[in-house]
Amino acid sequence: QVQLVESGGGLVEAGGSLRLGCTSIGRSIGQYAMGWLRQAPGKDREFVASISWSGERTLYGDSVRGRFTITRDNNKNTMTLQMDDLLPEDTAVYYCNADSTLALGGGYWGQGTQVTVSS
């Protein structure tokens with residue numbers, strides 16, 4: 001069983017930065033693609049970014065490409081999402097996900113962390 005714990009959410013002004021972390025407790029994440037999805041109130045869940053098990057491949061959603069950067073360290077069982085130039089529309093609950101493909105959406109989930117960007 002993979003238990004994922006997120007960290008780093010919070011409140012920031014538009015144009016600011018936040019870094020989200022996701023740590024696997026008790027089991028290695030090395031075999032999984034990992035990434036982030038988010039959901040804002042009243043909206044569908046949205047793909048944000050993913051990274052392959054080796055770290056060689058990354059995917060980004062259109063709305064965050066060029067502003068967000070995803071990385072991972074399998075030795076530390078951690079994954080990080082660096083979010084720069086944040087916009088109010090980035091406000092959402094962000095969920096860490098470990099899955100078998102870069103498309104994400106299945107597998108294991110974290111509990112979610114709130115990101116709020118004020119205008």
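**Exercise 1.** In this predicted model, is N77 buried or exposed? Then work out what its phi looks like and where it is found.

*Solution.* Start with the area: N77 has a relative accessible area of 17%. Buried means under 20%, so N77 counts as buried. Next, check the backbone: phi of N77 is near 55°, which is a positive value in a residue other than glycine.

**Exercise 2.** Now try L104: buried or exposed? Which loop holds it, and what is its phi?

*Solution.* Go through the steps again. The relative accessible area of L104 is 10%, and the cut-off for buried is under 20%, so L104 is buried. Its loop lies between β9 (92-99) and β10 (108-109). As for the backbone, L104 isn't a glycine, yet its phi is positive, near 60°.

**Exercise 3.** In what order do the strands of the open four-stranded sheet come, and which of them stand at the edges?

*Solution.* Read across the sheet: the order is β1-β3-β8-β7, and the pairing is antiparallel. At the edges you'll find β1 (3-7) and β7 (68-73); each has a single partner strand, so one side of each has no neighbour in the sheet. On average, neighbouring strands here are turned by 15° against each other, ignoring direction.

Now zoom in on one pair. Strand β3 (residues 18-25) runs antiparallel to strand β8 (residues 78-83), and six bridges link them. Within this part of the sheet, G21 sits opposite T80 in β8.

Key. Residues are numbered from 1 along each chain as its sequence is written. This is a predicted model: local features need pLDDT of at least 70, side-chain atom pairs count only at pLDDT 80 or more; totals for chains, interfaces and linings use all residues. Side-chain values use heavy atoms; hydrogens and water are left out. Two strands pair if DSSP finds at least two bridges between them. Helices (H or I, at least four residues) and strands (E, at least two) are DSSP runs, numbered from the N terminus. Axes are lines fitted to C-alpha atoms, for helices over the stretch in contact, and angles run from 0 to 180 degrees between N-to-C directions. Buried means under 20% relative accessible area, exposed over 50%, partly exposed in between (1.4 Å probe, protein chains only).
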